[in-house]
Each structure stands twice: as structure tokens, then as C-alpha cells.
Amino acid sequence: MRARRSRLVDIPPAIAILIVDDQQPMRKTIAYILRQLGFKNLNFAEDGEGAWEIINDDPVDLVLLDWNMPRMSGLELLERIRRSERYAKLPVVMITAEANEEHIITAIGAGVTNYVVKPFSPDVLARKIREAWGSPKVRRPEGAP
């Protein structure tokens, strides 16, 4: 499970990435891949409520978000982010087992920046993050490419 570092060369490695998933093994897997890509500033939440608290308390530059979680689903958090004036342009990549067309259309309609279906390879995750980071619809930290 080795991801190529060069895939995300134009994304500053110091960006703050929030990994939101109720399954600890998935959080660890995603974190491992991100560390292999050179990212070190990682935060974690088990559900949408915890993620919303982190987003409001700490700088977050990118959210990697599961769909199915207790307390507040990934879709509910995405909708809350997009309704927020402060965070509306925060890049959000949905990482979920929800692969049917209806779920993807719903996520797009809610404003997801990109979508990854589980299971995924490190290269797929790297590509989807790069696409999200390069989207003209998102804000990036000051000074970031």
C-alpha cells in the first residue's frame, strides 16, 4: 500500500487535513496513506459532530469524510459546511462505500468537491485529493498554490 509522493507535489505538505470516519481502522489506513504522501498535519473525528467542533476550533484545509456515521452523517456535515459562510469553500472529499449513482448525485448536489468509493487504492485517493485541491470552487490557505 505505497502511494507515490510525487502525485501531490503541488499541495503544501503542511496543510491541515481532517479525517472523519467512525471506523478506526479506516482512519488509520487513510492516515497511513497521507503520511506516505508527506502529510503530517492530520486531525481525526469519529462523526460529523466531532468534526464540526474541530472545524470551528482548529484550522482545517481539507476534509476527508465518510458518509455513514452516528450522531451526524457525512452528508449532514457536508451540508452544514456548505451552508456556512466561513467554510463554504472548504474542500471536502467524501470517502465512502456508498457507490450507487443516487448517493453520488446527492453528494454532488450537496456540494462535495470529490468522491472516493471504498475500497480504494492509495493512488486513487491521491488523485482524488489532488483534483479536489485544484478545483476552482475551493479556497486554499493563503500562499498555497
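Two strands pair if DSSP finds at least two bridges between them. Helices (H or I, at least four residues) and strands (E, at least two) are DSSP runs, numbered from the N terminus. The model is predicted: local features need pLDDT of at least 70, side-chain atom pairs count only at pLDDT 80 or more, and totals for chains, interfaces and linings use all residues. Residue numbers start from 1 along each chain as its sequence is written, and side-chain values use heavy atoms, with hydrogens and water left out.

**The sheet**

Select strand 1 (residues 17-20) and strand 3 (residues 62-65), which pair in the parallel sense over 4 bridges. Isoleucine 19 has leucine 64 in strand 3 as its bridge partner. Now show the whole open sheet: 5 strands in the order 2-1-3-4-5, with parallel pairing. At its edges are strand 2 (42-45) and strand 5 (114-117), each pairing on one side only.

**Around lysine 118**

Next, select lysine 118. A salt bridge (a side-chain nitrogen of Lys or Arg within 4 Å of a carboxyl oxygen of Asp or Glu) joins lysine 118 to aspartate 21, with the closest N and O atoms 2.9 Å apart. Aspartate 21 is in the loop between strand 1 and helix 1 (24-36) and lysine 118 in the loop between strand 5 and helix 5, so this contact ties together parts 97 residues apart in sequence. Lysine 118 also meets aspartate 66 in a salt bridge, at 3.3 Å from N to O. Shared partners join Asp21, Asp66 and Lys118 into one network.

Buried means under 20% relative accessible area, exposed over 50%, and partly exposed in between (1.4 Å probe, protein chains only). Aspartate 21 is buried at 1%, as is lysine 118 at 18%, and aspartate 66 is buried at 6%.

Move to proline 119: a cis peptide bond joins lysine 118 to this residue, with omega about -10 degrees.

**Arginine 71**

Select arginine 71, in the loop between strand 3 and helix 3. Its phi is near 65 degrees, a positive value in a residue other than glycine. Arginine 71 is exposed at 60%, while its salt-bridge partner aspartate 47 is buried at 8%. Their N-to-O distance is 2.8 Å.

**The aromatic pair**

Finally, select tryptophan 52 and tyrosine 87. Rings of Phe, Tyr and Trp (its six-membered ring) pair if their centres lie within 6.5 Å; planes under 30 degrees apart count as stacked, over 60 as edge-to-face and the rest as tilted. The count by this rule is 1 aromatic pair. Tryptophan 52 and tyrosine 87 are edge-to-face, 5.8 Å centre to centre with 80 degrees between the planes.
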